[in-house]
Amino acid sequence: MSATASFSCDLLSPELCIDPHPLLHQLRREAPVYWSPQLNGWLLTRFEDISLVLKDPRFTSASTTGRIARMPEEQREQLRPLKDSVTLWMGHTRREDHQRFQHLLKKYFSQRTVEQLRPKAQALADRLLDPVQARGEMDFVHDVAHSFSAGMIAEMLGTPIDDIAKLQRWSRNINLLFRALDFEGLMQVQRTVLEMGEYLKHFVDARRQQRQEDLISILLDAQLEGAIHSEDEIIANCILLLSAGHETTASMLSNGLLLLLQHRDQLERLKHEPELYPSAIEEILRFDTPAATLSRLALQDVPLGGATIQAHQTVYVALSAGNRDPAIFPEPDRFDITRRFGRQLSFGYGISYCLGAPLARMEAQVCYSTLLRRMPGLKLSSQVPDWLPLPPLWRNLSSLRLTF
Ligand code: HEM
């Protein structure tokens with residue numbers, strides 16, 4: 001099997017973004033370590049290769065700051081506030097700082113704390129469904145998924161639930177960071193980071209005077225104990241939490257509901273056998289991986305699958321492809337909410353494994369069980385999903401129109 005390729009494909013084509021799996025299967029079979037001139041990087045599609053790279057310290061995720069560092073001096077200077085903020089995001093820091101922050105946040109994101117947030121999630125789900133219930137129809141993406149996901153981040157940070165429209169706008173803009181390759185795009189991200197930073201500073205000041213039961217208060221206590229070094233570090237990591245947790249969760253909720261509605265027999269089973277929620281949510285995450293591709297930068301030459309990934313080259317790991325690797329998941333293209341498996345890649349792997357995973361799983365359970373209880377006759381308004389292509393190789397639902 002050749003590692004590189006006499007293989008040619010347009011990884012940016014919108015059609016391919018809508019249904020990338022046939023090509024990803026072919027790549028995994030014929031060129032699992034594929035050099036893409038279009039991406040100017042390697043694309044990995046095998047579960048094992050992806051797992052190896054994600055846990056290998058010879059690869060780093062600090063590609064955003066690297067991108068800014070390669071720009072002309074004048075642009076670098078203008079983007080300094082963005083670089084200063086991103087440099088403090090956990091995972092973009094030195095390994096000791098990453099671990100220090102992880103240690104702090106792991107305590108917060110424990111199963112116990114997440115269970116304490118469950119009543120708030122339930123109240124939020126009901127609050128979002130109350131106004132649409134009488135209409136008999138809704139756009140789930142707009143009316144529920146984004147607001148629910150942003151609302152839970154507001155609950156966690158301790159910011160007002162009425163500000164969720166702002167959080168959604170900021171999260172959309174900040175996530176351009178992973179797609180925008182030009183100076184103007186990065187300047188737009190910077191404006192949002194500064195605006196959100198100002199907003200958060202107000203709450204940090206207020207919690208400094210009087211603590212509440214929220215994450216900002218916990219981080220301020222940690223600063224007093226010396227486990228956090230500055231207020232900037234608190235603000236930068238709250239921005240990271242929004243960017244890491246909002247769109248991913250909204251996408252899981254929307255794409256997962258579409259899957260359930262396309263597989264009515266499984267939806268009916270879930271209604272009658274609620275003990276299937278945990279495996280159904282894992283299967284949704286496996287089958288329709290919300291953060292489809294991650295990137296890493298090689299710090300030194302690394303041999304992999306017969307190729308050599310050279311120092312400073314970028315590697316794209318297609319989590320969506322790893323999650324459909326037939327070597328790990330028999331009949332990977334079959335959606336089956338009773339499927340049992342060891343682990344899937346949707347929350348990453350290794351040192352940067354998603355801290356919000358227990359929160360995201362709890363949110364999915366509360367959201368779907370509330371929907372199915374309150375709107376048992378839920379149906380798709382159209383059989384043609386309203387996909388928005390997100391090159392390379394992914395898409396999200398722009399809307400999900402339902403009747404009930
Ligand atoms: C279904 C929803 C979610 C998915 C699919 C998801 C996916 C991921 C993935 C793939 C990573 C690894 C990134 C990398 O290795 O470069 C990650 C990291 C992370 N996620 Fe999530 N995430 C979700 C929800 C959340 C939520 C709700 C939060 C918190 C509000 C969150 C916070 C984080 C943080 C802080 C990291 C960085 C961890 C570290 O660097 O140590 N995520 N997530």
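Helix H13 (231–262) provides seven residues of the shell around the ligand, the largest share. Helices and strands here are DSSP runs, numbered from the N terminus, with at least four residues (H or I) for a helix and at least two (E) for a strand. The structure is a predicted model, in which local features need pLDDT of at least 70, side-chain atom pairs count only at pLDDT 80 or more, and totals for chains, interfaces and linings use all residues. Residues are numbered from 1 along each chain as its sequence is written.

In total, 24 residues surround the ligand, where a residue is near if its C-beta atom, placed from the backbone, lies within 6 Å of the molecule. The closest are Gly91, Gly245, Gly348, Cys354 and Gly356. Helix H17 (357–374), like H13, supplies at least two residues of this shell. The shell comprises 14 nonpolar, 10 polar and no charged residues. In this division, Ala, Val, Leu, Ile, Met, Phe, Trp, Tyr, Cys and Pro count as nonpolar, Asp, Glu, Lys and Arg as charged, and the others, Gly among them, as polar.

The model also contains an open sheet of five strands in the order S1-S2-S8-S5-S3, with mixed pairing. Its edge strands, S1 (33–36) and S3 (59–60), each pair on one side only. Two strands pair if DSSP finds at least two bridges between them.

| Pair | Bridges | Direction |
|---|---|---|
| S5 (residues 293–298) and S8 (residues 314–318) | five | antiparallel |
| S2 and S8 | four | parallel |

Thr314 in S8 is the bridge partner of Gly41 and also of Leu297. Leu294 stands opposite Val317 in S8. Four of the five residues of S8 are buried, meaning that 20 or more other C-beta atoms, placed from the backbone, lie within 10 Å of the residue's own.

Helix H3 (residues 47–55) packs on this sheet and touches S1, S2 (41–44), S3, S5 and S8. Contact requires C-beta atoms, placed from the backbone, within 7 Å. The direction of H3 makes about 130° with that of S8; axes are lines fitted to C-alpha atoms, for helices over the stretch in contact, and angles run from 0 to 180 degrees between N-to-C directions.

The buried residues of H3 are Phe47, Asp49, Ile50, Val53 and Leu54. They fall within an arc of 165° seen down the axis of H3, so they line one face of the helix. The arc is that of the directions from the helix axis to the C-beta atoms.

Notes
Two residues are in contact if their C-beta atoms, placed from the backbone, lie within 7 Å. A residue is buried if 20 or more other C-beta atoms lie within 10 Å of its own, exposed if 12 or fewer, and partly exposed in between; C-beta atoms are placed from the backbone.
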